[in-house]
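Subject: Structure for your review

Dear colleague,

My notes on what was found follow directly after.

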Amino acid sequence: MTKPYYGKLDEEKVFKDPVHRYIHVRDELIWELIGTKEFQRLRRVRQLGTTFLTFHGAEHTRFNHSLGVYEITRRILEVFKGRPHWNEEERLLALSAALLHDLGHGPFSHSFEKVFHTDHEEWTREIILGDTEINRVLARVEPSFPKNVADVIEKTYSNKLVTSIISSQIDADRMDYLQRDAYYTGVSYGHFDMERILRVMRPMEDQVVIKQSGMHAVEDYIMSRYQMYWQVYFHPVTRSAEVILSQIFKRAKELYEQGYTFKQKPEHFYSFFSGNVSLADYLRLDESITMYYFQIWQEEEDRILRDLCVRFLNRRLFKYVEFNPNLQMNDWPRLRQLFLQADLNPDYYLVVDSSSDLPYDFYRPGEEEERLPIHLVMPNGKLRELSRESEVVEAISGKKRTDHKLYFPLDCLEDEREHKETKREIRKLLMK
Ligand code: CA
């Protein structure tokens, strides 16, 4: 056997981390991956997009989170080491996939992907397999290694046990973001006893299972997830900021398509506007560049783009009312017409947003079905699905709550210097 290209570092590297205290790196491979420019780019992409406009502490990035997922995976593998079903040769593969699983996230992913039809999962694969520093570092392990890493992240890798460490109902990804997002937002939800969960995780054939004695710690984790969804991730103010962000991207794209002359050319966005994006274009875009354009667009000729950017940067968000699509659709044509009369373009200033269509990697329609269920291993060695054992989990599992909200600029509607009667009628319709 030839000697592997990467070995252990002479001295362990540690990153101070507010959530896990320390992140330990002993493998040369991991250290080199962290140093690549594609990984460093994640420092310029926030983990929670626009949530910082609701919870001002939520400035943490994909970089922090990725290191955290790596660290949790590393600890899980310490528990697995030497146990049946676990093949220690998969260790570096699992660690690399954990570290790189969010590599393809762009600026404000959720709104961005909706408007420009990009997909961070596809970009993750492109970055790992394309002409990048990441690819060169991975390929030195062996030529097939980059593809294996991409397959684990895409959940198509042959050994499902490796996949399930990083994406299942209870995985390193979720365990990190729940705790990290709770820490940085400052909310009191999101805490659970991870140390306990790590001690009761076991590899079994093609999945990670939990010893039955750890059931209550897992219940706590499920509850904290449930709380975080509604208190943080689906927060209506964050959704309002996302709505404005989507409208900015939409407006800029529309202006470009109309041949509008921007005061300063938005070169970084050209390929996104035209839908022909190269890997280099994609990697060039991050949240600092995006915010830069929002700054300069505050002075654009176009009234809508200008207003939306002023709103986003100064947190002059849209207000919302609960919206029942079945009941209120009758009022819809009338509302749109009144908005036009009041000189507000309803395509940009009257927006329905549904919670089932919400941000980032904590929720995507159909995701619950895709992710593997949690299995408990009973004292007799048999497996039981968690919700069959736990009444707490049974009570909240499979219940998807969708709500619809209608977003609009209340400040404009309350400004009665012009279109007074029309605006009064709009307010009456919205508030009824
Ligand atoms: Ca993630």
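Not counting residues up to four places away in sequence, which residues does Phe 39 touch? They are Leu 33, Ile 34, Phe 63, Ser 66, Leu 67, Leu 99, Leu 100, Leu 103 and Ile 134. Please bear in mind throughout that the model is predicted.

Phe 39 is found in helix H2, which covers residues 37-40. With a relative accessible area of 0%, Phe 39 is buried, as the cut-off for that term is under 20%. In sequence, 19 residues separate Phe 39 from His 20, and their C-alpha atoms are 20 Å apart in space.

Phe 39 also belongs to the largest nonpolar core, which has 133 residues. Phe 39, Leu 100, Met 175, Phe 294 and Trp 297 are the residues with the most contacts inside this core. Helix H12 (residues 215-233) gives the most to the core, namely ten residues.

As to the overall division, the protein chain falls into domain 1 (8-233), domain 2 (236-355 + 404-430) and domain 3 (361-398). A distance of 39 Å separates the C-alpha centres of domain 2 and domain 3.

On the H16 side, the contact is made by Met 291, Phe 294, Gln 295 and Trp 297; on the H17 side, by Leu 305, Arg 306, Cys 309, Phe 312 and Leu 313. Leaving aside neighbours within four places in sequence, Phe 294 is in contact with Cys 309, Phe 312 and Leu 313, and also with Phe 108, Leu 245, Ile 248 and Phe 249.

In the second pair, the axes of H3 and helix H10 (residues 172-185) come within 8 Å, with a crossing at roughly 130°. H3 and H10 are likewise oblique to each other, but their crossing is right-handed. From H3, Asn 64, His 65, Gly 68, Val 69, Ile 72, Thr 73 and Ile 76 take part. These meet H10 residues that include Ala 172, Asp 173, Met 175, Asp 176 and Tyr 177.

Helix H8 (residues 145-154) is largely enclosed by the rest of the structure, because seven of its ten residues are buried. The buried residues of H8 are Phe 145, Pro 146, Val 149, Ala 150, Asp 151, Val 152 and Ile 153. Their cover includes helix H1 (28-34), H4, helix H6 (120-129), helix H7 (133-139) and helix H9 (160-166).

Most residues other than glycine have a negative phi. Lys 155, which follows H8, has a positive phi near 65°. His 85 has a positive phi near 80° and is placed in the loop between helix H3 (62-80) and helix H4 (91-100). Phe 108, in the loop between H4 and helix H5 (109-116), has a positive phi of about 40°.

With kind regards

Definitions and conventions. Residues numbered from 1 in each chain as written. Predicted model: local features only at pLDDT ≥ 70, side-chain atom pairs only at ≥ 80, totals over all residues. Heavy atoms only, no water. Domains from an automatic or database assignment. Core = buried A, V, L, I, M, F, W, Y, C linked by side-chain atoms within 4.5 Å. Buried < 20%, exposed > 50% of the residue type's maximum accessible area, 1.4 Å probe, protein only. Helix = DSSP H or I, 4+ residues; strand = E, 2+ residues; numbered from the N terminus. Contact = heavy atoms within 4.5 Å. Axes fitted to C-alpha atoms, helices over the stretch in contact; angles between N-to-C directions. Parallel < 35°, antiparallel > 145°, perpendicular 65-115°, else oblique. Left-handed = near helix turned anticlockwise from the far one by under 90°.
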